[in-house]
Amino acid sequence: MALFYLVRHGEANYEYMLENGFWGFGRDFAPLSEKGKRQAELVAKDPRLKSAELIVSSPYTRALQTAQIISRETGIRVEVDIDLHEWIPDESNQYKTSEESFAFAGEFTEFGGEYPPGEKRRWESLSHMRKRMICVADNYSDYEKVIFVGHGMVFRCLTYIEKMNPAEIIECTWQKGQEECEYSFT
(Lines give C-alpha, C1' and ligand atoms only; values in the text may rest on other atoms or scores of the structure.)
Protein backbone atom coordinates (compact mmCIF):
# COMPACT_ATOMS: atom_id res chain seq x y z
CA MET A 1 0.00 0.00 0.00
CA ALA A 2 1.34 3.40 -0.99
CA LEU A 3 0.89 6.76 0.66
CA PHE A 4 0.23 9.50 -1.86
CA TYR A 5 0.57 13.19 -1.16
CA LEU A 6 -1.82 14.81 -3.61
CA VAL A 7 -0.74 18.42 -4.15
CA ARG A 8 -2.91 20.73 -6.18
CA HIS A 9 -0.85 23.19 -8.23
CA GLY A 10 -0.57 26.81 -7.08
CA GLU A 11 -2.80 29.55 -8.45
CA ALA A 12 -2.45 29.96 -12.23
CA ASN A 13 -2.21 33.16 -14.27
CA TYR A 14 -4.36 32.91 -17.42
CA GLU A 15 -3.90 36.54 -18.57
CA TYR A 16 -1.32 35.83 -21.29
CA MET A 17 -3.34 32.85 -22.54
CA LEU A 18 -6.51 34.97 -22.79
CA GLU A 19 -4.78 37.98 -24.36
CA ASN A 20 -3.16 35.82 -27.05
CA GLY A 21 -6.08 33.56 -27.88
CA PHE A 22 -4.72 30.34 -26.37
CA TRP A 23 -7.98 28.37 -26.25
CA GLY A 24 -8.59 24.69 -25.92
CA PHE A 25 -5.44 22.87 -24.89
CA GLY A 26 -3.49 26.15 -25.19
CA ARG A 27 -4.83 27.15 -21.77
CA ASP A 28 -2.76 24.30 -20.34
CA PHE A 29 0.33 26.48 -20.88
CA ALA A 30 -0.82 28.95 -18.20
CA PRO A 31 2.01 29.47 -15.67
CA LEU A 32 1.74 30.08 -11.96
CA SER A 33 0.82 33.57 -10.85
CA GLU A 34 3.12 35.32 -8.38
CA LYS A 35 0.72 34.24 -5.63
CA GLY A 36 0.84 30.67 -7.02
CA LYS A 37 4.64 30.68 -6.84
CA ARG A 38 4.48 31.77 -3.18
CA GLN A 39 1.90 29.04 -2.49
CA ALA A 40 4.18 26.43 -4.06
CA GLU A 41 7.20 27.68 -2.07
CA LEU A 42 5.19 27.35 1.13
CA VAL A 43 3.85 23.85 0.41
CA ALA A 44 7.36 22.72 -0.60
CA LYS A 45 8.48 23.27 2.99
CA ASP A 46 5.87 20.86 4.41
CA PRO A 47 7.92 18.23 6.30
CA ARG A 48 5.69 15.36 5.10
CA LEU A 49 6.96 15.78 1.56
CA LYS A 50 10.63 15.28 2.41
CA SER A 51 10.19 11.53 2.95
CA ALA A 52 8.68 10.83 -0.49
CA GLU A 53 10.57 8.80 -3.08
CA LEU A 54 9.26 10.48 -6.22
CA ILE A 55 7.33 13.50 -7.48
CA VAL A 56 4.90 12.74 -10.31
CA SER A 57 3.58 15.80 -12.15
CA SER A 58 0.83 16.61 -14.58
CA PRO A 59 2.25 17.85 -17.90
CA TYR A 60 0.49 21.24 -17.52
CA THR A 61 2.75 24.23 -16.91
CA ARG A 62 1.18 25.27 -13.60
CA ALA A 63 1.66 21.76 -12.19
CA LEU A 64 5.19 21.40 -13.58
CA GLN A 65 6.22 24.69 -11.99
CA THR A 66 4.76 23.61 -8.66
CA ALA A 67 6.54 20.23 -8.90
CA GLN A 68 9.83 21.93 -9.78
CA ILE A 69 9.59 24.19 -6.72
CA ILE A 70 8.89 21.16 -4.50
CA SER A 71 11.78 19.28 -6.12
CA ARG A 72 14.18 22.17 -5.54
CA GLU A 73 13.23 22.25 -1.84
CA THR A 74 13.21 18.48 -1.25
CA GLY A 75 15.82 17.19 -3.70
CA ILE A 76 13.31 14.61 -5.00
CA ARG A 77 13.27 13.95 -8.74
CA VAL A 78 10.26 14.81 -10.88
CA GLU A 79 8.66 12.46 -13.38
CA VAL A 80 5.89 13.61 -15.74
CA ASP A 81 2.88 11.36 -16.24
CA ILE A 82 0.86 12.43 -19.28
CA ASP A 83 -2.33 10.85 -17.88
CA LEU A 84 -2.21 13.01 -14.75
CA HIS A 85 -3.66 15.87 -16.80
CA GLU A 86 -6.75 17.85 -15.82
CA TRP A 87 -10.33 16.94 -16.77
CA ILE A 88 -10.91 17.72 -20.45
CA PRO A 89 -13.83 20.12 -20.90
CA ASP A 90 -13.83 19.69 -24.69
CA GLU A 91 -12.18 16.62 -26.16
CA SER A 92 -12.19 18.26 -29.60
CA ASN A 93 -10.26 21.27 -28.18
CA GLN A 94 -12.50 23.60 -30.16
CA TYR A 95 -13.90 25.79 -27.40
CA LYS A 96 -13.02 29.46 -27.69
CA THR A 97 -14.10 31.08 -24.44
CA SER A 98 -14.01 30.45 -20.72
CA GLU A 99 -17.80 30.63 -20.78
CA GLU A 100 -17.93 27.58 -23.07
CA SER A 101 -15.61 25.70 -20.75
CA PHE A 102 -17.78 26.63 -17.76
CA ALA A 103 -20.88 25.49 -19.68
CA PHE A 104 -19.27 22.09 -20.29
CA ALA A 105 -18.42 21.87 -16.59
CA GLY A 106 -22.05 22.71 -15.82
CA GLU A 107 -23.24 19.89 -18.08
CA PHE A 108 -20.75 17.53 -16.45
CA THR A 109 -22.26 18.35 -13.05
CA GLU A 110 -25.86 18.33 -14.30
CA PHE A 111 -25.48 14.82 -15.71
CA GLY A 112 -23.45 13.45 -12.79
CA GLY A 113 -20.34 13.22 -14.94
CA GLU A 114 -21.79 10.73 -17.42
CA TYR A 115 -23.35 11.25 -20.83
CA PRO A 116 -27.13 10.91 -21.06
CA PRO A 117 -28.17 7.49 -22.47
CA GLY A 118 -27.47 7.27 -26.19
CA GLU A 119 -25.63 10.62 -26.32
CA LYS A 120 -21.99 11.66 -26.55
CA ARG A 121 -20.93 15.04 -25.17
CA ARG A 122 -17.74 16.98 -25.88
CA TRP A 123 -16.42 16.75 -22.31
CA GLU A 124 -14.51 13.89 -20.73
CA SER A 125 -16.82 11.64 -18.74
CA LEU A 126 -16.29 10.90 -15.08
CA SER A 127 -15.89 7.18 -15.80
CA HIS A 128 -13.13 7.92 -18.33
CA MET A 129 -11.36 10.36 -15.99
CA ARG A 130 -11.68 7.93 -13.08
CA LYS A 131 -10.28 5.03 -15.16
CA ARG A 132 -7.37 7.23 -16.26
CA MET A 133 -6.58 8.27 -12.67
CA ILE A 134 -6.85 4.73 -11.29
CA CYS A 135 -4.29 3.63 -13.89
CA VAL A 136 -1.98 6.47 -12.82
CA ALA A 137 -2.36 5.53 -9.13
CA ASP A 138 -1.82 1.84 -9.87
CA ASN A 139 1.39 2.64 -11.78
CA TYR A 140 2.92 4.12 -8.60
CA SER A 141 1.34 1.87 -5.97
CA ASP A 142 4.55 -0.11 -5.41
CA TYR A 143 6.27 2.95 -3.93
CA GLU A 144 5.96 3.76 -0.24
CA LYS A 145 5.42 7.52 -0.61
CA VAL A 146 4.78 9.53 -3.76
CA ILE A 147 3.97 13.20 -4.30
CA PHE A 148 1.48 13.80 -7.11
CA VAL A 149 1.25 17.37 -8.37
CA GLY A 150 -1.84 17.97 -10.41
CA HIS A 151 -5.41 19.16 -10.40
CA GLY A 152 -8.19 19.16 -7.86
CA MET A 153 -10.84 17.71 -10.13
CA VAL A 154 -8.85 14.60 -11.07
CA PHE A 155 -7.65 14.06 -7.51
CA ARG A 156 -11.31 13.86 -6.50
CA CYS A 157 -11.45 10.62 -8.49
CA LEU A 158 -9.09 9.01 -5.96
CA THR A 159 -10.46 10.46 -2.72
CA TYR A 160 -13.66 11.60 -1.06
CA ILE A 161 -12.63 15.25 -1.03
CA GLU A 162 -15.10 17.78 -2.39
CA LYS A 163 -12.70 20.63 -3.11
CA MET A 164 -8.96 21.30 -3.05
CA ASN A 165 -7.44 24.73 -2.64
CA PRO A 166 -4.36 25.77 -4.62
CA ALA A 167 -1.19 24.20 -3.17
CA GLU A 168 -3.17 22.11 -0.69
CA ILE A 169 -1.93 18.63 0.29
CA ILE A 170 -4.32 15.69 0.72
CA GLU A 171 -2.93 12.40 2.02
CA CYS A 172 -4.32 9.31 0.34
CA THR A 173 -3.44 5.65 0.77
CA TRP A 174 -3.69 3.54 -2.36
CA GLN A 175 -3.67 -0.14 -3.11
CA LYS A 176 -4.13 -1.71 -6.53
CA GLY A 177 -7.68 -2.95 -6.98
CA GLN A 178 -9.23 -0.88 -4.21
CA GLU A 179 -12.83 0.25 -4.53
CA GLU A 180 -13.64 3.49 -6.25
CA CYS A 181 -14.61 6.41 -4.08
CA GLU A 182 -17.80 8.42 -4.53
CA TYR A 183 -17.23 11.58 -6.58
CA SER A 184 -18.98 14.56 -5.02
CA PHE A 185 -20.91 17.07 -7.13
CA THR A 186 -21.63 19.52 -4.30
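This is a predicted model: local features need pLDDT of at least 70, side-chain atom pairs count only at pLDDT 80 or more; totals for chains, interfaces and linings use all residues.
I began with strand β1 (residues 2-8) and found six bridges joining it to β5, the two running antiparallel. One pair I looked up here: Tyr5 stands opposite Glu171 in β5.

Next I traced the whole sheet. I get five strands in an open sheet, ordered β3-β2-β4-β1-β5, with mixed pairing. β3 and β5 (169-174) sit at the edges with a single partner strand each, so one side of each has no neighbour in the sheet.

Which loop holds Ile76? I place Ile76 in the one between α3 and β3 (78-80). Is Ile76 buried or exposed? I have Ile76 as buried, because its relative accessible area is 7%, under the 20% cut-off. Leaving out residues up to four places away in sequence, I list its contacts as Leu49, Lys50, Ala52, Glu53, Leu54, Ile55, Ser71 and Ile147. For Ile76 and Ala52 I noted 24 residues apart in sequence and 7.5 Å in space, C-alpha to C-alpha.

Last, the surface. I found a nonpolar patch of about 300 Å², made by Leu64, Val78, Val80 and Ile82. Of these, I located Leu64 in helix α3 (residues 61-74). I put Leu64 down as partly exposed, with a relative accessible area of 31%.

Technical notes. Residues are numbered from 1 along each chain as its sequence is written. Side-chain values use heavy atoms; hydrogens and water are left out. Patches are made of residues with over 30% relative accessible area and no salt bridge: like charges are joined within 9 Å, nonpolar side chains (Val, Leu, Ile, Met, Phe, Trp, Tyr) within 5 Å. Accessible areas come from the Shrake-Rupley method with a 1.4 Å probe; for residues, only the protein chains shown count as cover. A salt bridge is a side-chain nitrogen of Lys or Arg within 4 Å of a carboxyl oxygen of Asp or Glu. Helices (H or I, at least four residues) and strands (E, at least two) are DSSP runs, numbered from the N terminus. Buried means under 20% relative accessible area, exposed over 50%, partly exposed in between (1.4 Å probe, protein chains only). Contact means heavy atoms within 4.5 Å. Two strands pair if DSSP finds at least two bridges between them.
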